[in-house]
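Hi there,

Here is the structure I promised to send over. Have a look at it first, and my notes on the aromatic rings follow below.

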Amino acid sequence: MGIIRPRLPALGDMGLGALTALPVIVATIPVAAIITRFLPIAPESPLPPAGDMPGFIVNLLAGAVVAPISEEIMFRGFATTAWMRGMGRWRGVVRGALFFAVVHVLTISGIDASQAVGVALAAFVGRIPVAFALGWLFQRTGTISASLGLHATFNAILLIIAEVAARGGIPQP
């Protein structure tokens with residue numbers, strides 16, 4: 001499953017994943033720009049800015065620690081591993097990435113069906129770059145440590161950007 005006991009090489013893999021986060025965010029920006037050009041709807045963050053330091057810390061723990069650990073075990077450790085074994089590496093990675101993106105839009109709603117579909121479509125397409133990067137990194141390294149590092153760092157950067165933008169500056173204690 002790519003789950004190994006934490007050891008020094010795992011920390012290096014997590015660091016590799018963390019370094020990959022910024023290029024993945026840069027790749028996600030044009031995708032998001034294209035989506036919002038054709039769909040006048042932008043999906044909201046599942047963890048909106050908190051507005052205060054304790055809430056921000058809780059958001060960081062939930063979005064950059066708890067969610068990445070549980071999701072990487074499920075999406076890469078179980079699902080992608082099974083599909084890679086049964087279908088081959090790349091088909092397994094593609095199916096795992098699409099599964100990741102679909103699950104992340106299951107709870108999206110709207111004031112009417114067309115708005116909900118638009119928001120879900122925008123959220124799905126917007127997650128594709130990170131979903132494929134997570135799968136690629138997992139299959140390349142053979143461990144979820146690297147995809148965990150990418151996932152945690154990606155989420156943390158986006159949470160920090162959202163909080164800074166909402167507050168108009170760097171969060172203060």
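Phe100 is buried, since its relative accessible area is 4% and the cut-off for buried is under 20%. Please keep in mind that this is a predicted model.

With a relative accessible area of 2%, Phe75 is buried. What angle do the ring planes of Phe75 and Phe100 make? They sit at 80°, with the ring centres 5.2 Å apart, so this pair is edge-to-face; planes over 60 degrees apart fall in that class. Phe75 belongs to helix H2 and Phe100 to helix H3, so to speak of sequence, the pair links distant parts of the chain, 25 residues apart.

Now for the wider search. Over the whole structure, three aromatic pairs turn up. Another of them joins Phe75 and Phe99: the planes are at 70° and the centres 5.2 Å apart, so the pair is edge-to-face. Since Phe75 lies in helix H2 (residues 53-87) and Phe99 in helix H3 (residues 89-103), this pair ties together parts that are 24 residues apart in sequence.

Is Phe99 buried or partly exposed? Its relative accessibility is 27%, so Phe99 counts as partly exposed.

To put the rings together, Phe75, Trp83, Phe99 and Phe100 are linked into a cluster by ring pairs.

Methods: Residues are numbered from 1 along each chain as its sequence is written. This is a predicted model: local features need pLDDT of at least 70, side-chain atom pairs count only at pLDDT 80 or more; totals for chains, interfaces and linings use all residues. Side-chain values use heavy atoms; hydrogens and water are left out. Rings of Phe, Tyr and Trp (its six-membered ring) pair if their centres lie within 6.5 Å; planes under 30 degrees apart count as stacked, over 60 as edge-to-face and the rest as tilted. Helices (H or I, at least four residues) and strands (E, at least two) are DSSP runs, numbered from the N terminus. Buried means under 20% relative accessible area, exposed over 50%, partly exposed in between (1.4 Å probe, protein chains only).
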